[in-house]
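Try each task yourself before you read its solution.

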Amino acid sequence: MKDDFFDQIDQWSISVWSKNPWLKSLESGSDRAVFNIDQLYDQWLEFILKNHGITTGPFSKFAEQKKIFGLVKHLNPYYFRSDEVRKVIDQTSTLPPKQKESLTAQITGFFRLMGKTSMNPVVLENLETLEEWWELFEEKEEWSGMNWLQKQDFRVPASKGGFFAWNRFHRGALPGISEHPRKWVELCAESEGPSEAWKWDLKASIFAGEWAHAELPGVCGPFPLCEQCRLAQNCKWPSQQNGLNEQDTIETLVQKNRWDALKTEELTEWLLEDEDFQQNMTKLEGEAEFRLKSIDESKLLEWDHLQPGSKTPLRFKVLLELCRRFHEEPMNLGVQFSSSRDIYHHFQTRLGNLKQERFIIVILDNKHRFLSETTVTVGLLNRSLVHPREVFAEAIEQRAAAIICIHNHPSGDSSPSEEDKRITRRLQESGELLGIPLLDHVIISKEDFTSFADEGWL
Ligand code: SF4
């Protein structure tokens, strides 16, 4: 049976494929290029030497290592002596002994594997043989090994982004930084076997935004677009409860747009600790055209593509949030609310531009002064999600005397829906029973707001 995640991205891919017919031919698997063995060896050497920080240009102190390229061309993968390889590597006195050993092991290990698989890529793509392949790499380097294989046209799952998306969907959290690619290879092969695993990897990598270079920005990339995602109902990442997870890092919370869980001082500290970001800011200062307001999701994705792996786009997102907070009218402990407009002024900059609905309650004391606020749910609102139990649990714990509910309408129209009215009635009744009255329900949109109290509906 196909995993839920793959099943849904399979459905999702139909619309992407129909807009980009060339993807269909990619999925059907064009003929595999015939491997040029000499080229493959050269690529492998270049790859591992680079990983060891070794350059072989004429002026490099490692220039002697160039000989290794000539040597491997004469090696027979079915029978060769590792001491021949070691002899060439030993000629470079600048390399520490440990590095010499590791280089020798990687070169000879590669040859043995090529010999063992009779140069048949299909054999190497099996999980059993991949286990031996991973042994050629240091811990945490296995993903780069998978990438290398994919670049050489081996059909193996190598999309870290796809694996991230799967983790968001199933676990509601990102994998640990050292999680091995084995799990991803197994998942992709689960329903149709190893020979078809790469197709699932392909779909997941497009879904994860790794094809932005081909103008396929995906949905679940570095800035997940949960509000546009067909998987949102079943995905654990933006979980309906309130999407927070104890292990969430600052970066994860920023990706989830959980600004309510991030203090201004935390964000500022995180922003300033990054040298790349400071340099990028200095560069931008000289650009007459640069406007903070011009930064949106597509701009962030563009930057992410230009500097893969850089945290600068995510830090810009935080900078925008700090600017927004600068304009927000703060709501301090003990502040008294005199009208729905006070609520609107406080929440408008935070909720007015959101593309996803968010339901918040403000908890008040017996003089209707602010005690705290809490997010009840994120995502499409319905009665089962805005349950009185969730709404009043925090209020009871804080011995509240009254509450106010606030939520946003991303459509731009602040008029209440029938479901909004039903939710409000239910909360009003529960509040009366509990002795914690619902004073108002304010619906906020980009330009205006509607107050149930002002309209006389409460
Ligand atoms: S709902 Fe969000 S996190 Fe989950 S798969 Fe979709 S874009 Fe990714």
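**Exercise 1. Find where Leu 75 lies, and decide whether Leu 75 is buried, partly exposed or exposed.**

Solution. Keep in mind that this is a predicted model.
- Step 1: Look between helix H4 (67–73) and helix H5 (82–90); Leu 75 sits in the loop there.
- Step 2: Count the other C-beta atoms within 10 Å of Leu 75, which gives 19.
- Step 3: A residue is buried at 20 or more and exposed at 12 or fewer. Leu 75, with its 19, is therefore partly exposed.
- Step 4: Now go to Phe 111. Leu 75 and Phe 111 are 36 residues apart in sequence, and from C-alpha to C-alpha they are 8.6 Å apart in space.

**Exercise 2. Glu 215 and Arg 399 each have a positive phi. Say where each is found and whether it is buried or exposed.**

Solution. 
- Step 1: For Glu 215, phi is near 60 degrees, a positive value in a residue other than glycine.
- Step 2: Glu 215 is in the loop between H12 and helix H13 (250–255). With 7 C-beta neighbours inside 10 Å, Glu 215 counts as exposed.
- Step 3: For Arg 399, phi is near 50 degrees, again positive in a residue other than glycine.
- Step 4: Arg 399 lies in the loop joining helix H19 (388–397) to strand E3 (402–408). Arg 399 has 11 other C-beta atoms within 10 Å and is exposed.

**Exercise 3. Describe how H12 packs against H11 and against H1.**

Solution. Two packed helices are described by the angle between their axes and the distance between the axes.
- Step 1: Helix H11 (residues 182–189) meets H12 at an angle of about 100 degrees, and the axes are 7 Å apart. That makes H11 roughly perpendicular to H12.
- Step 2: On the H11 side the contact uses Val 185, Cys 188 and Ala 189, and on the H12 side Pro 194, Ala 197, Trp 200 and Asp 201. By class, these are six nonpolar residues, no polar ones and one charged.
- Step 3: Helix H1 (residues 4–19) packs on H12 at about 70 degrees, with the axes 10 Å apart. H1 and H12 are therefore roughly perpendicular to each other.
- Step 4: H1 brings Phe 6, Ile 9, Asp 10, Trp 12, Ser 13 and Val 16 to this contact, while H12 brings Trp 200, Lys 203, Ala 204, Ile 206 and Phe 207. The contact of H1 with H12 has eight nonpolar, one polar and two charged residues.

**Exercise 4. Which residues of the largest nonpolar core touch the most other members, and which helix gives the most to this core?**

Solution. 
- Step 1: This core has 53 residues, and those touching the most other members are Ala 165, Trp 166, Phe 169, Val 185, Cys 188, Ala 204 and Phe 207.
- Step 2: Helix H12 (residues 194–207) gives the most, with seven residues.
- Step 3: Beyond residues up to four places away in sequence, Phe 207 touches Ile 9, Trp 12, Gly 162, Ala 165, Gly 218, Val 219 and Cys 220.
- Step 4: Then look for a second, separate core of 30 residues, which includes Phe 359, Ala 395, Ile 403 and Phe 449.

**Exercise 5. Which residues come nearest to the ligand?**

Solution. 
- Step 1: There are 14 residues around the ligand, and Cys 220, Cys 226, Cys 229, Cys 235 and Trp 237 come nearest.
- Step 2: Sorted by class, the shell has 13 nonpolar residues, no polar ones and one charged.

Terms used:
Residues are numbered from 1 along each chain as its sequence is written. This is a predicted model: local features need pLDDT of at least 70, side-chain atom pairs count only at pLDDT 80 or more; totals for chains, interfaces and linings use all residues. A nonpolar core is a set of buried Ala, Val, Leu, Ile, Met, Phe, Trp, Tyr and Cys residues joined through C-beta atoms within 7 Å. Helices (H or I, at least four residues) and strands (E, at least two) are DSSP runs, numbered from the N terminus. Two residues are in contact if their C-beta atoms, placed from the backbone, lie within 7 Å. A residue is near a molecule or strand if its C-beta atom, placed from the backbone, lies within 6 Å of it. Ala, Val, Leu, Ile, Met, Phe, Trp, Tyr, Cys and Pro count as nonpolar, Asp, Glu, Lys and Arg as charged, and the others, Gly among them, as polar. Axes are lines fitted to C-alpha atoms, for helices over the stretch in contact, and angles run from 0 to 180 degrees between N-to-C directions. Angles under 35 degrees count as roughly parallel, over 145 as roughly antiparallel, 65 to 115 as roughly perpendicular and the rest as oblique.
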